[in-house]
Amino acid sequence: METMYISDLYEIDFHAWTQEQVSLLKTQHWDKLDTLNLIEEIETLGRKERQELRNRLGVLLGHLLKWQFQSEKRRNSWLGTIREQRIQIKLLLQDSPSLKSYLSEVFLTAYELGLALAIRETQLGEQVFPEVCPYTPEQSMNSEFLPE
């Protein structure tokens with residue numbers, strides 16, 4: 001298969017392109033690989049893992065804020081979301097242990113996302129919530145922790 005055709009396949013049928021790349025890798029046809037698109041896809045996979053961690057952490061922090069600052073309206077669904085996000089984050093970190101260091105790096109950004117979620121879903125004013133995250137990364141991930 002010609003390199004030009006492989007590049008075209010990337011644009012036309014992504015799944016077929018991935019299968020062709022796998023086949024070429026398995027048969028060690030290095031010269032036929034679509035290296036430029038392979039590099040792009042591998043880089044994208046890494047970014048997606050980081051984005052998923054950031055987004056899940058944001059949802060977790062948002063629900064912890066809702067739990068703490070709108071206690072009169074607590075729902076089992078909030079608790080379910082808190083549990084699910086903790087589990088999903090732990091699974092993500094098990095699958096990609098190198099993301100553990102990224103957790104503390106992205107914590108402030110995730111808090112901003114969580115704060116926006118809490119403000120939107122509770123309709124409480126921004127001034128109700130702390131400017132700085134009131135939870136540590138360790139507390140946030142602790143299955144026993146619920147803010148009061």
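Predicted model: local features only at pLDDT ≥ 70, side-chain atom pairs only at ≥ 80, totals over all residues.
Basis. I number residues from 1 along each chain as its sequence is written, and side-chain values use heavy atoms, with hydrogens and water left out. Local features need pLDDT of at least 70 and side-chain atom pairs count only at pLDDT 80 or more, while totals for chains, interfaces and linings use all residues.

Entry 1, helix H5. Helices here are DSSP runs (H or I, at least four residues), numbered from the N terminus. I looked up H5, residues 100-122, and found a bend of about 55° at Val106; the bend is the angle between axes fitted to the seven residues ending there and the seven starting there. Buried residues (under 20% relative accessible area, 1.4 Å probe, protein chains only) of H5 include Tyr102, Val106, Phe107 and Tyr111. Their cover includes helices H3 (35-69), H4 (76-95) and H6 (137-141).

A nonpolar core is a set of buried Ala, Val, Leu, Ile, Met, Phe, Trp, Tyr and Cys residues joined through side-chain atoms within 4.5 Å. The largest has 27 residues, and Leu53 and Ile89 are among those touching the most other members. H5 gives this core its largest share, eight residues. I noted a second, separate core of six residues, including Trp17 and Leu38.

Leaving aside neighbours within four places in sequence, Leu53 contacts Ile89, Leu92, Leu93, Leu99, Tyr102 and Leu103.

Gln85 lies in H4 and is buried, at 7% relative accessible area. Not counting residues up to four places away in sequence, Gln85 touches Arg56, Val59 and Leu60.

Conventions:
Helix = DSSP H or I, 4+ residues; strand = E, 2+ residues; numbered from the N terminus. Buried < 20%, exposed > 50% of the residue type's maximum accessible area, 1.4 Å probe, protein only. Contact = heavy atoms within 4.5 Å.
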